[in-house]
Amino acid sequence: MKLVVRYRCGECRARAGLLYLGNRSHVLETPCLLLCTRKGLPTFIPPDLLPSIHPDALALHASPLHFFDSPSAKTLASAGGLHKLISLPGYTVAAIARDFVCIAEHGSSNKIGASFQTPFGRRTVKPVDYMDVINAMQPDIWASLPDEVPSWVTHKRNKQSVERTLNWLDSCISLKKDGMESGLGCIVGGNSVEERGFCAQEVAKRDVSGFCLSGFGLGESAEERGLLLEAIMKNLPDEKARQISGLDLPEEVLQAVSAGIDVFDSTYPHSLTMSGLAMVFPLDMEECLSGRTSENANDVGSDFTKINLRAVAYRNDTSPILESCRCYTCSKHTKAYINHLLNTHEMLAQTLLDIHNTHHYMNFFQAIRNAIQGGYFADFKAWFASRRQAVNEGILVSSAA
Amino acid sequence: MHSLSKAIITGSCYRAQVARSAALRKCIPSTDTLHNQADQTMALQFEVLARFNRARASRLTLPHSQCETPLFMPVGTQGTIKGLTSTQLEDIGCQIILGNTYHLALRPGADLIDELGGLHSFMNWPRSLLTDSGGFQMVSLLHLADITEEGVTFQSPVDGKPMLLTPEESIAIQNKIGADIIMALDDVVKTTTTGPRVEEAMHRTLRWIKRCINAHKRPTEQNLFGIVQGGLDPQLRDTCVKGMVALDLPGYAIGGLAGGEEKDSFWRVVAQCTAGLPEDKPRYVMGVGFPLDIVVCSALGADMYDCVYPTRTARFGTALVPEGVLKLKHASMAADFRPLDETCSCMVCKRYTRSYLHSLVTKEAMGSQLVSYHNVAYMMKLSRDLHHSILEGRFPEFVQGFLRKQFPQGDVPEWVCNAMEVAGIDISMCCAPLK
């Protein structure tokens, strides 16, 4: 795996570049977004509709923790790896433990392994089991097994998590199959700037292809997160890729991009889908400032970032979710139809929403890359924050025309 | 019996077939003469292209699409086929899908659908649609539904108020929904019902169809099919068939079956009705069903079918295959690396193994989507196989192959043997010798 940084933001650590992966014919443009999956495939988007999501939608996040029951590591190995199992040979697969399905139970983890609550019960995962699955998956990118803890644990528990994570990183490195790329080293340390810095230094000494910033989105405030990211980043070599899990919201993504993160897996599109919400926030700063885009969010639960398609207001709305959007859902279907599907509890609602939300978030990442390349990322980030602030203060109100 | 094993293709049908093939090659519309009567009150054309005894391969032209029969129509109860997009349904080859009037009238409502340009526009389905009358759902889904001469009285599931679905109202709702084929409101009784109720229902059905015809506001755009009732009683069925045929409707359905009756009674009713219904109109057996039932009914001369079975069973992890069904949840599937069906060329069979699907079904939404996709594709392939085997003069061979796959031990059920005898298809080689 090789990261080539092509553009940098003058005012912060944000960078845009290209991530080259061993066997892939395509290159990932960074900062990039990985699509979340369950047992290898997206939750609602079937493989024949996947190519239409977005030209960038070529990278999947598959947590190894999904493969401790069925399908098992053995099945994966018989199939010849995850790419073959899911029949998406052209896609990038990133195997990173942290995801929205299996929740870390920091209270039950011990020095032998990390404990997770999974759909098939509680599992304690040792590095050797973990690497069994990683080796069987044959992913393009993989991260070591971390001991993630939330921001409110004791200092002692926090130090423990750093110690374990480093031990498990060493185990994972030694258990890696010959011929496989070296993985991302997980960096933990909770809410402690010192531990974060220390862990980063230690991981940087190991044979890793990049860094997996773990334990975020677990109770830290935005301000705390900024400090923790800085503490990590100043200890990391510039030329290796940085990935982060657990940050969902656009603002969190922007903060992390500012800090120098290259790869994201975010479940924001998916969580909106599950609530019947569709992403609508504008992405084109200039268009928006010139007043050329129109915004209308006219009911409960909607603001300028998302609309609540369950609302009665959309019952007979024959417009697409977003006029300017070229995703499958917006080119084929109306808000009225999706409103009906949601009200009748039809699965197609989730499929159509997931397609749109994923497409829109991919466009958001494209806008980020454009901003870094065009030298206006700081402005872009500020503009985004100001709109959110305006909504919070009631300045930007919904305007039913 | 074997003298009938050659396909019977009449002269005009043969010319029609040749003309059609030539036309398709040149992409010019066919110039076949219509076999149907004056089409001011019809919005379809039905052309039998080939036969084998009672079975026929036909072309059904509807306002929104052209279809080949025999065909299966998947059921999209609430304006969607569980989890599948319009594009996927088109890719699979669906030509007609069903919407349930009862469900759609509840949500989102007939007036809303009308306001938004009809169901085709609402769900963005470019091909054909068929809606049922709403009567069956009412009787089966609602506790206190009651049938009088006026219509079906029931408690609204929304607010408990008493409501009445009359033939006129059912047609009005279906006119608003805008499907290519609409069904008359019939008085349908369970096949297990006996006594005078069955006769009362049959006669009422005949009275109601006339009210439906009078209420139908869009005969040039929507085809009103009558439904033959009469339970399992041959005389009642005969009376009903004659009454329906006299009305010269665009098409006819055989209703009141697929409800738990003995298979031996089921096929006899289908055989009787298809024998009495006109040759040049489509025949639709409602609520069928299992692939085996479709093959038998097609041999007896039926053309169209609908059932929730393929999509419903998919959600429980059951896949349709030539051998019958595959229960994907079974432990043996965990290490089975074959596709669902080696003869199937659908997206799912080309990509995935039984093993992987085993791990997805009933646990992941994707499992349900993928197996539904395959099952619908399977039914469309069955439809195509039926149509083409009749067209190409190899229908008996197709039936024999089908039965061999489903009953490798030769234990073909007696009702199938009896039905095939009436259909004039020799399946003796598929049946194990009697001891």
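In this predicted model, A:C327 counts as buried at 0% relative accessibility, where buried means under 20% relative accessible area, exposed means over 50% and partly exposed lies in between (1.4 Å probe, protein chains only). A:C327 sits in the loop between β16 and α10 of chain A; helices here are DSSP runs of H or I with at least four residues, strands are runs of E with at least two, and both are numbered from the N terminus. Leaving aside neighbours within four places in sequence, A:C327 is in contact with A:I355, A:H356 and A:H359, a contact being heavy atoms within 4.5 Å. The loop between β16 (306-308) and α10 (328-332) of chain A is also the place of A:C325, which is buried with a relative accessible area of 11%. With neighbours within four places again set aside, A:C325 is in contact with A:C330, A:H356 and A:H359.

These cysteines bring in an annotation from the record. The unreviewed UniProt entry carries a "binding site" annotation that covers A:C325, A:C327, A:C330 and A:H356. Although these residues are spread over 32 residues of sequence, they cluster in space, with a largest C-alpha distance of 8.3 Å. UniProt positions are given in the numbering used here, feature names are shortened, and annotations may be inferred rather than shown by experiment.

Residues are numbered from 1 along each chain as its sequence is written, and chains are lettered from A and ligands numbered from 1 in the order in which they are written. Local features need pLDDT of at least 70, side-chain atom pairs count only at pLDDT 80 or more, totals for chains, interfaces and linings use all residues, and side-chain values use heavy atoms, with hydrogens and water left out.

Elsewhere in chain A, helix α3 (residues 127-137) is mostly covered, with eight of its 11 residues buried. The buried residues of α3(A) include A:Y130, A:M131, A:V133 and A:I134. They pack against α1 (73-79), α2 (82-85), β6 (92-95), β9 (121-125), β10 (141-142) and α4 (155-175) of chain A. After α3(A) comes A:Q138, whose phi is positive, near 55°.

Turning to the interface, 37 residues of chain A are in contact with 36 residues of chain B. The area buried between the two chains is about 3,200 Å², of which carbon and sulfur atoms give 55%; buried area is the accessible area (1.4 Å probe) that two parts lose on being put together, summed over both. Two salt bridges are found across this interface, each defined by a side-chain nitrogen of Lys or Arg within 4 Å of a carboxyl oxygen of Asp or Glu. The side chains of B:E364 and A:R38 meet in a salt bridge at 2.6 Å, N to O. On the side of chain B that touches chain A, the largest share, six residues, comes from α15(B).

Within chain B, there are 17 helices and 16 strands, and 59% of the 435 residues count as buried. B:Q229, in the loop between β11 (223-228) and α9 (234-245) of chain B, is buried with a relative accessible area of 3%. The side chain of B:Q229 makes a polar contact with the side chain of B:D186 at 2.6 Å. A polar contact is a pair of N or O atoms within 3.5 Å; within protein, one must be able to donate a hydrogen and the other to accept it, and residues adjacent in sequence count only if both atoms are side-chain atoms.
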